Amino acid sequence: MRGDVEWGSVPGLVRSAAERYADVEAVVEGRTRVMYAELGARVERAAAACIANGVEVGDRVAIWAPNSLDWMVSALGAVSVGAVLVPLNTRFKGTEAADVLRRSGARLLFVTGTFLGTSYVASLRRAIAAGPGLPSLEQVVVLSDDAPADYSTWKDFLASGEGVGETEVRQRATAVRGSSPSDIVFTSGTTGRPKGAVITHAQTLRAYEVWSDLAGLRQGDRYLIVNPFFHTFGYKAGVIACLMRGATMIPQPVFDVDTVLANIASERVSVLPGPPTLHQSLLDHPARASHDLSALRLVVTGAAVVPLTLVERLRGELGVETVLTAYGLSEASGIVTMCRRGDDPTVIASTSGRAIPGTEVRVVSAGGAPVAPGVPGEVLVRGFNVMQGYYEDPAATAEAVTEDGWLRTGDVGVLDEAGNLRITDRLKDMFIVGGFNAYPAEIEQLLGLHPDVADVAVIGVPDTRLGEVGKAYVVRRPGALTTADDLIAWARREMANYKVPRTVEFVRELPRNASGKVVKRELRAGGGDAGRE
């Protein structure tokens, strides 16, 4: 595989990109425009500062910040000296961030100053003061011009590396092996306490060379990265893939549809991966027609539910040349299956594609036996993309990965005769109605066909007669007046009776994490942040 041979490691990729695409625009952030040669120089400067501050091979270096040029430079600088990157979810509260810092044993933390009205520095300091402390954390660098006396500013941190020579920096980078861990990606925690999936440099490079090939990413593309960098989709399908192909990165720290539209038009954005909700809001925006979106040529999306009309609307209304769906999870380097550019539109609309080259996917029964095409079961994956394990958690690793290397995804899916995978749900989300297995994602997809439904999530709730029944949380389209009785009556005409939700609650929005996934535990707890109408 080209990635393993040509680059060897992430720092090898950074240096190669700086040389190969030296005069190509690498990053656009507001008025700041950085070419690939300069990006390489900035990363080397950050690497020198890491060396000057005692970062050793294998040390964990964390970053808690939104998408930005400084995020890329600090993260790639740390990885270039052999450190293991630990990206922290920007939606974490201070106590949640401290928990991951403690469990990962992070020695150095890069943190944003104030983001979305919250001081991350103050939040962290409160969590440290209130908790058992962070004995491994030796240094905190604030990615701004101001920092408390016991923390460093980004400017001062970079200046501290000025005495480290280029030769030493490059020696450290060259010594990084493909088999070494490159990052520990903590799961999104929608179903419980996050666990850290350990991924190597070789796995990262091979997986995102495949992704870039299948997606058709190329030099000259202008890639709006709205997916958060702390998530594999943002960092690896974004930053790493762009470094491979010499595409221009336009990081956007917060998803805001008006900003997305403005960026696409002003920067001639050609590539916009993201969850279905991103593209749906783009299509439905009342001011869409006033923006020139004609440069947009590639969209990659994926989720348990991709509305069947989304692919057709992206192609028909926006003229997007390539729309692909994919499926992945942190434990499998973020990529398991993906559609191919020549696939029939119905395959792209209704499945997540086939196993990527070099991997296997199977669907099994509760007893672990493979099931026939068309029969739902748990999705298993085996291949180069499967994590090394959960960081310092052998029990959880043994539960997730079988002795013969199959990763148990916890997702329910169906394979067709051609090997295309359709994800139907999470095992933990399935509920049983009078003896029938009900899969929320399937019900959500059907309800999503109703013309007045903009967004929907279904959970199982207790029922004295049937054990459990469905409850739907629905976001209505603007101006829609559909009632709960109307929607339930419609559902009875469109799906089997056991699938029909017994209650419907209308909400302003669904609670989602930064990766776009609905956080169903908040719905089970009574709606959480959904916001009733």
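Rings of Phe, Tyr and Trp, the last taken by its six-membered ring, pair if their centres lie within 6.5 Å. By this rule, eight aromatic pairs are counted in this predicted model.

**View 1. The aromatic pair of Trp64 and Tyr120.** A pair of aromatic rings is described by the distance of the centres and the angle of the planes. For Trp64 and Tyr120, the ring centres are 4.6 Å apart and the planes stand at 55°, so the pair is tilted; planes under 30 degrees apart would count as stacked and over 60 as edge-to-face. Trp64 belongs to strand β3 (residues 60-64) and Tyr120 to helix α6 (residues 120-130), so the pair ties together parts that are 56 residues apart in sequence. Trp64 and Tyr120 are both buried. Together with Phe115, the residues Trp64 and Tyr120 form one aromatic cluster.

**View 2. Charged side chains over aromatic rings.** Lys195 places its charged end over the ring of Tyr390, at 5.3 Å from the ring centre. Likewise, the charged end of Arg476 sits over the ring of Phe506, 3.7 Å from its centre.

**View 3. The open sheet β18-β19-β21-β22.** Four strands make up this open sheet in the order β18-β19-β21-β22, with antiparallel pairing. The edges are held by β18 (359-364) and β22 (421-426), each with a single partner strand, so one side of each is left without a neighbour in the sheet. On average, and with direction ignored, neighbouring strands of the sheet are turned by 45° against each other. Within the sheet, β19 (residues 377-383) and β21 (residues 407-415) are joined in the antiparallel sense over four bridges. Opposite Val381 stands Leu407 of β21.

**View 4. The hairpin of β1 and β2.** Strand β1 (residues 25-29) pairs with strand β2 (residues 32-35) in the antiparallel sense, over four bridges. Glu25 has Met35, in β2, as its bridge partner. Two residues lie between the strands of this hairpin, in which Gly30 adopts a positive phi near 65°.

View 5. Ser330 is located in the loop between β15 (322-327) and β16 (337-338). The relative accessibility of Ser330 is 13%, so this residue counts as buried, the cut-off being under 20%. Not counting residues up to four places away in sequence, Ser330 touches Val185, Thr187, Ala197, Ile199 and Thr232.

Methods
Residues are numbered from 1 along each chain as its sequence is written. This is a predicted model: local features need pLDDT of at least 70, side-chain atom pairs count only at pLDDT 80 or more; totals for chains, interfaces and linings use all residues. Side-chain values use heavy atoms; hydrogens and water are left out. Buried means under 20% relative accessible area, exposed over 50%, partly exposed in between (1.4 Å probe, protein chains only). A charge sits over a ring if NZ of Lys or CZ of Arg is within 6 Å of the ring centre and within 35 degrees of the ring normal. Two strands pair if DSSP finds at least two bridges between them. Axes are lines fitted to C-alpha atoms, for helices over the stretch in contact, and angles run from 0 to 180 degrees between N-to-C directions. Contact means heavy atoms within 4.5 Å.
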